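Hi,

Here is the structure I promised to pass on.

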Amino acid sequence: MAALAYNLGKREINHYFSVRSAKLLALVAVLLLAACHLASRRYRGNDSCEYLLSSGRFLGEKVWQPHSCMMHKYKISEAKNCLVDKHIAFIGDSRIRQLFYSFVKIINPQFKEEGNKHENIPFEDKIASVKVDFLWHPEVNGSMKQCIKVWTEDSVAKPHVIVAGAATWSIKIHNGSNEALSQYKTNITSIAPLLEKLAKTSDVYWVLQDPVYEDLLSENRKMITNEKIDAYNEAAVSILNSSTRNSKSNVKMFSVSKLIAQETIMESLDGLHLPESSRETSAMILMNVYCNKILKPVDGSCCQPRPPLTLMQKLAACFFTLSIVGYLIFYIIHRNAHRKNKPCTDLESGEEKKNIINTPVSPLEILLQSFCKLGLIMAYFYMCDRANLFMKENKFYTHSTFFIPIIYILVLGVFYNENTKEFLPVYMHVRVLVAAYLFQTGYGHFSYFWIKGDFGIHRVCQVLFRLNFLVVVLCIVMDQPYQFYYFVPLVTVWFMVIYVTLALWPQIIQKKANGNCFWHFGLLLKLAFLLLCICFLAYSQGAFEKIFSLWPLSKCFELKGNVYEWWFRWRLDRYIVFHGMLFAFIYLALQKRQVLSEGKGEPLFSNKISNFLLFISVVSFLTYSIWASSCKNKAECNELHPSVSVVQILAFILIRNIPGCARSVYSTFFAWFGKISLELFICQYHIWLAADTRGILVLIPGNPMLNIIVSTFIFVCVAHEISQITNDLTQIIIPKDNSSLLKRLACIAAFFCGLLILSSIQDKSRH
């Protein structure tokens, strides 16, 4: 009765809420969110630098997250590269001196905080030609004004960056009097025009005063209260922002340090100066403000303008626009024709006469419709990860945010399960393995069909098109190299290796093997030769790089100017082909000799053998899991992984298939996602994560849980739609007729030649 009620309830839900309605809901959500973000950008401004300098929050104890953008953590080499031939000046009190030290330590971590604190402190890296100075001017007075005035003269070299700020000394020396505040306003009013003049040629930042922890202040600092600090800050902001009447001030307010201090001032040693971690965060923000627009790091979206459209992106935009216009014209014409052929009403019976012939959907209509939908989807990709319309945030890991969703998904997967109507062979269950081992399972599956004799050139072309279509489109639209989506190049190359290995003479299929066991030996020789070639390339990095550095292979497999990343990825799972093909061979051999009991509910082997193998599999699976989770040296584990990963894979296959009850049950929830696993893996680069996987896409700011729910829902709907589009285009572009197929392949080859030429032209224009 419970099962019947469950099935009836599921049917009722499916009646009102289908995949189609989910996609419509996702489309409405995207349009609403895009409109909201566009309105927010217009209302609050589109300058992410202002957000970086004025707002943000802590994700953890030391991880600062600016509002709406990502902050890059600069390394020593990156900082020197950005600041080469640059002069940075810090001018102010002891708090500015702290900021100076933290900034210099990004360039040179060995720089020590020593010397007379109430004097100027110079720093210079002669190799990188970087000069950073601290100028001791604890009060906003005539001394500070004279220092700034010298820089405004045309004959004097000006610093490229000026960071200034002071107030606590004025409060302390004058015992927090109102007269001191009035004098501060007068002095900063006289300095404001000079700072504004400097800001036309240099980057000028005025650092607002951080709050203090009054309980820790010494007796001679008790007059420095947060109330006084707020009054001085209000005066500085009001005067500096009004220094230009008709336009916005060029002097930028560095107010984000106030927010950082509010969270960390309790950790201060004296109640006045910030802890080192807080100063490091402020210094890194300064580095991002200046260097992001120069170096343009992928995970540093703050202060970066939208990248200009490349030639290939412009051509792609034109193509998709024409496809959308073409489909609309086709739809209007088709609709008008449908109206003319609308069945008339029979006056006697009052019923509509049915058309005898239904107009079939033409391949041209499917083609235009597919490219129309794909164009709209690619526009969403571009908006998410290139146009800066939606927000991005840095990744931050916690155990709860990782394991709670995983457990929830596992529960759903177990809940939505069904018994198979017919027994599925063992090789079908191999496909449910984790993504890291998807290569191996897929290749065992492919080898099985090849040996069975069910894999021709038409199906091979379909598989290759299905694998690469989305990635090729994304390479054009998102301006990324093919190797960036490393999973697809790996799968494609290994797939071709399998095909070539099995296609070479002598071609061995099951009909031949059943007639003579000699063919079994021939297949094993092929596998041994393949293993030998893999080992040779794995331990001959020079030979590997020479092969894949040849044009045009280099255009496909180079990343950042070399093929090292491709060699690393290829080498990490280098034995997957051999294991997959060997598994398919062993399975067919056991099946032929009727060793396997594949009846529904029966153990795979005899009871004794099944129990023994099940015990060994569980022990092996747990042992490997413990070893992998306790790995401390990544390099050593990567070296062992190709050889030992097969243990866990084989253990999983046996655990999944030996018990008959487990073998005949599958999760419909996971099966549904498995059908779009390729699209999910690729799409997450840009519309689930962000900044080419280095950050997180933020559609709904301020609510991380709701954001992940909405973004995941849209992400899954988009992946499912792309899967359907790819399937439709595969049927049209890859015909079954061999002569037509050869013509299409020639057209595809010409298309890729054009892409290579355009890519070369584009690369030359960049350099």
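This is a predicted model: local features need pLDDT of at least 70, side-chain atom pairs count only at pLDDT 80 or more; totals for chains, interfaces and linings use all residues.

S3 (86-92) and S5 (130-136) pair in the parallel sense, with seven bridges between them. Pairing here takes at least two DSSP bridges between the two strands, and helices (H or I, at least four residues) and strands (E, at least two) are DSSP runs, numbered from the N terminus.

Residues are numbered from 1 along each chain as its sequence is written, and side-chain values use heavy atoms, with hydrogens and water left out.

S5 also pairs with S4 (residues 121-125), this time in the antiparallel sense over five bridges. There, Glu-124 has Lys-131 of S5 as its bridge partner. Four residues sit between the strands of that hairpin, and Ser-129 takes a positive phi near 55°. S5 is mostly covered, with six of its seven residues buried (buried is under 20% relative accessible area, exposed over 50%, partly exposed in between, using a 1.4 Å probe and protein chains only).

Next, helix H6 (residues 142-152), whose buried residues are Met-144, Cys-147, Ile-148, Trp-151 and Thr-152. Looking down the axis of H6, these fall within an arc of 150°, so they line one face of the helix; the arc is taken from the directions from the helix axis to the C-beta atoms. They pack against S3, S5, strand S6 (161-165), helix H8 (178-198) and strand S7 (203-207), where contact means heavy atoms within 4.5 Å. Asn-141 caps the N-terminal end of H6, with a side-chain oxygen 3.1 Å from the backbone nitrogen of Ser-143.

Ser-94, in helix H5 (residues 94-107), counts as buried because its relative accessibility is 7%. Leaving out neighbours within four places in sequence, Ser-94 is in contact with Trp-136 and His-273.

Now the aromatics. There are 41 aromatic pairs in the structure. Phe-58 and Trp-64 have ring centres 4.9 Å apart and planes at 75°, so that pair is edge-to-face. (Rings of Phe, Tyr and Trp, the last by its six-membered ring, pair if their centres lie within 6.5 Å; planes under 30 degrees apart are stacked, over 60 edge-to-face, and the rest tilted.) Ring pairs also link a cluster that includes Phe-90, Phe-134, Trp-136 and Trp-169. Lys-172 lies over the face of Trp-169, 5.7 Å from the ring centre, and the charged end of Arg-569 sits over the ring of Tyr-486 at 3.8 Å from its centre. For a charge to sit over a ring, NZ of Lys or CZ of Arg must be within 6 Å of the ring centre and within 35 degrees of the ring normal.

- The peptide bond from Trp-551 to Pro-552 is cis, with omega near 10°; Pro-552 is in the loop between H21 and helix H22 (553-557).
- Ser-68 has a positive phi near 75° without being a glycine, and is buried at 6% relative accessibility.
- Asp-85, in the loop between H4 and S3, has a positive phi near 60° and is exposed, with a relative accessible area of 52%.

Cheers

Notes. A polar contact is a pair of N or O atoms within 3.5 Å; within protein, one must be able to donate a hydrogen and the other to accept it, and residues adjacent in sequence count only if both atoms are side-chain atoms.
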